[in-house]
Structures are given as C-alpha cells and as structure tokens.
Amino acid sequence: MKVFFYVQHLLGIGHLKRAATIVRALRRAGCEVVLASGGPPVAGIAVDVQLPPARAADMTFSALVDEAGRPVDDDWKRRRAAALVDAWRASHAQALIVELFPFGRRQMRFELLPLLDDARRLRRPPLIVCSVRDIIQAKPEREDDTARLVERYFDRVLVHGDARVAGFERSFAAAARLGERLHYTGYVVDGRARANPAGRAEVLVSAGGGAVGRKLLQTAMRARGETLLCGATWRVLAGIHCSEADFGELARAAIDGIVLERNRDDFRALLAGCALSISQAGYNTVAETLQARARAVLVPFAAGGESEQTLRATLLAERGAATMVAEDALTPQTLAAAVNRAARASQPPADLVDLDGARRTAELVQQWLAAAA
C-alpha cells in the first residue's frame with residue numbers, strides 16, 4: 001500500500017511534526033509512504049520530497065515568502081505546483097493524504113487544486129483523505145466553500161482529536177455536511193516517554209518552535225519568584241525558531257535557578273517528570289502534556305485573530321486538565337497565580353482523552369485501501 005502525504009507548515013513546526021508522527025505509524029503498519037513538505041526544512045524531521053520552501057511572511061498568514069524571504073510570484077507558484085504534481089505522479093500511490101486543506105492552507109490553492117484534479121482524473125482515482133487537527137481557525141464565511149471542496153475532492157476527513165473534548169463542530173459549524181466522511185482518530189502523539197530523572201520536579205516552560213513565544217517566556221521568568229515553585233529549577237525552552245536577538249534577551253534575564261535552552265530532544269521525557277508545564281496551547285504540546293499527565297498552565301497564542309489555541313485551552317480547562325491564562329491577560333502576577341492553582345491541583349487522569357490517533361489513522365487508511373482493492 002502506497003501513500004503520498006502532503007504537508008505545509010507556515011510559521012511553527014507543529015503541522016510537520018504531527019504529519020511525521022502519522023507517517024511513522026503508517027510505515028509501522030506496513031505502508032510505503034512519501035512525505036512531501038512545502039515548508040522550510042526542520043532539523044530532526046526527515047522528508048522524502050522537499051518542495052521549494054515557503055513560509056508565512058508574518059503572523060497574518062496573508063502572504064507567502066520563499067526561503068530567502070522574498071515574496072513569491074506567479075512563476076514561482078507555477079514551478080512549485082508542477083514539482084508537486086510530478087512528485088505525486090512518480091509515487092504511484094493508492095492514497096493521497098492532504099494535511100489541513102480545505103479547512104486551512106487556502107494560500108496553497110495554487111498547487112493543491114491542480115494536485116487534487118490530477119488525482120481525480122486517474123482511471124482508478126486514489127483514496128483522498130484530509131488530515132486535520134482537532135480545532136481549526138473558525139471562518140464562518142468560508143464554511144460553505146470548504147464543505148463544497150470536501151464534497152468534490154475528498155473521500156474521508158480524519159479529525160485528529162477526541163469528540164468528547166472538542167467536537168469538530170465547535171470550530172467548523174458545517175461539520176454535519178461532512179456526513180460519513182468524518183472520522184475521529186484521537187490525538188496524534190508518539191508513544192509514552194519515560195521520565196528523565198534530570199528533569200524531575202522542574203518547571204518546564206516552552207513555546208513550541210519559538211517563533212511567537214517570547215512574551216510568555218519572559219513573563220514566566222519574572223513570575224517565578226512569586227510562585228509556590230520558586231525553589232524549583234525552571235527550565236525555559238526558547239525553541240528552534242527563536243531569533244538570536246530574542247534568545248540573547250532571554251539569556252540576560254536568566255537568573256540563578258533558571259536554565260535557558262533552545263530545544264531538547266528529550267522534551268517528552270522532561271514533561272513526564274516535571275512538576276509543572278507552562279506553555280502555549282498548540283496541538284502537539286497539548287497532546288504531549290496530556291500524555292505525560294503533567295499539571296499544566298496554558299497561555300494560548302491569540303495574535304492576529306487566532307482562536308484555535310484559545311478554544312483548545314478553554315475546553316481542557318473546563319475538564320480540569322489545565323489552568324488557562326488568556327494571552328491578553330498575561331502578566332507576571334496572573335501567571336504566578338495560575339501556577340499556584342495548577343501546582344495545588346490533582347494530576348490529570350490517564351483516560352481523559354484518546355491519545356491513540358497515530359495508530360488509529362494508519363488502521364483506518366489500511367481498512368479503506370483494502371476495501372477499495
């Protein structure tokens with residue numbers, strides 16, 4: 001069974017990281033997979049097809065720039081669209097998985113519509129699947145168009161979440177139109193990591209890839225002395241995309257008891273043994289935090305009108321899985337108060353959410369391919 005998996009990350013690395021986790025599960029299940037990425041290369045995440053890289057020009061996601069930071073033009077788009085279709089044809093895959101589109105990544109229509117049209121024109125069209133996270137950026141004015149694209153091109157929609165926590169209709173009101181195409185897989189996360197003894201009882205402060213986390217990290221450093229955990233080591237992970245200027249500013253603020261690093265390959269092991277996690281509310285970090293059953297304070301990223309992380313953090317806080325501080329209310333005092341509440345809270349239960357999404361995704365894709373054979 002051959003699968004072609006397309007993913008485009010524009011700002012952080014979360015989309016690529018989740019796609020890579022699913023690809024590993026598909027390969028473990030015996031599938032041959034081609035992972036095609038359209039974002040900048042990320043150390044430690046191997047892809048099979050690297051398209052000419054593009055990223056968002058800024059946090060509005062309204063414009064694309066190439067790897068040199070230049071705005072992409074129509075010629076660039078034509079070349080990249082052709083490269084994607086060529087890679088797809090060369091794969092001879094029986095399944096095409098497209099990450100997020102049409103629920104997002106509308107900036108990539110220039111290449112995804114030709115890709116989908118090419119797949120649909122085949123004498124034996126492939127299984128076409130959308131892989132989408134639990135919560136999307138709500139755009140009510142686009143929902144009819146999105147549903148039409150699903151109906152036209154996609155056989156299945158895999159929502160990598162748990163309907164008990166966040167039904168897809170919470171962020172996509174037209175979910176009922178997807179009918180039997182819609183399937184929940186559970187949250188996608190690698191297998192449970194063993195706690196790293198070196199990080200036991202630390203406070204772990206992180207901001208994903210680090211592109212937009214400076215304020216949270218700075219505020220956490222300032223809040224430390226006002227918390228019940230002021231005597232613990234606070235390990236601050238700035239992220240691989242944190243700028244040199246921002247990292248230098250954080251380093252100057254790192255007093256005794258604060259360890260500043262860019263990234264840790266054993267992040268999940270540190271989570272498994274930490275006293276408390278302070279982070280944004282991106283999909284991957286939240287899934288890993290739930291898997292570790294770590295007490296957590298979530299400060300969802302909300303700049304540029306982003307609502308996805310706020311809704312996720314709110315729903316988890318309502319279930320007692322985390323303590324939330326809204327980004328616009330973030331101060332050292334509000335964060336310290338949240339840390340103290342979370343430190344006193346019970347450890348989240350092990351069965352709070354379904355975390356078997358990677359394996360279940362592979363299982364479903366294999367079932368559908370076998371049925372179509």
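## Ala338 and its surroundings

In this predicted model, Ala338 touches Val297, Thr323 and Val325, leaving out residues up to four places away in sequence. Ala338 is found in helix 10, which spans residues 332–344. Its relative accessible area is 0%, so Ala338 is buried.

Ala338 and Ile258 are 80 residues apart in sequence. In space, the C-alpha atoms of Ala338 and Ile258 are 19 Å apart.

## The parallel sheet

Two of the residues that Ala338 touches, Val297 and Thr323, are also bridge partners, with Thr323 lying in strand 15. Strand 14 (residues 296–298) and strand 15 run parallel and are joined by 2 bridges.

These strands belong to an open sheet of 6 strands with parallel pairing, in the order 12-11-10-13-14-15. At the edges are strand 12 (258–261) and strand 15 (323–324), each of which pairs on one side only.

## Glu202

Glu202 sits in the loop between strand 9 (182–184) and strand 10 (203–206). Because its relative accessibility is 6%, under the 20% cut-off, Glu202 counts as buried.

The side chain of Glu202 makes a polar contact of 2.8 Å with the side chain of Arg235. Apart from neighbours within four places in sequence, Glu202 is in contact with Thr233, Arg235, Cys274, Ala275 and Leu276.

## Nonpolar cores

The largest nonpolar core has 48 residues. Val3, Phe5 and Leu26 are the residues with the most contacts inside this core. Helix 1 (residues 14–28) supplies the largest share of the core, 7 residues.

Not counting residues up to four places away in sequence, Leu26 touches Val3, Cys31, Val33, Ile97, Ala362 and Val365.

## Cavities

The model contains 3 cavities of 30 Å³ or more. The largest cavity holds about 60 Å³ of space.

The lining of the largest cavity consists of Arg192, Leu290, Gln291, Arg293, Pro348, Pro349, Ala350, Leu352, Val353 and Leu355.

Notes
Residues are numbered from 1 along each chain as its sequence is written. This is a predicted model: local features need pLDDT of at least 70, side-chain atom pairs count only at pLDDT 80 or more; totals for chains, interfaces and linings use all residues. Side-chain values use heavy atoms; hydrogens and water are left out. A nonpolar core is a set of buried Ala, Val, Leu, Ile, Met, Phe, Trp, Tyr and Cys residues joined through side-chain atoms within 4.5 Å. Buried means under 20% relative accessible area, exposed over 50%, partly exposed in between (1.4 Å probe, protein chains only). Helices (H or I, at least four residues) and strands (E, at least two) are DSSP runs, numbered from the N terminus. Contact means heavy atoms within 4.5 Å. A polar contact is a pair of N or O atoms within 3.5 Å; within protein, one must be able to donate a hydrogen and the other to accept it, and residues adjacent in sequence count only if both atoms are side-chain atoms. Two strands pair if DSSP finds at least two bridges between them. On a 1 Å grid over the protein atoms alone, a cavity is a set of points where a 1.4 Å probe fits but cannot get out, and a pocket is an open set with protein on both sides within 12 Å along at least five of seven lines; lining residues have an atom within 4 Å of a point. Grid points are joined across faces, edges and corners, and a volume is the space filled by probe spheres set on the points.
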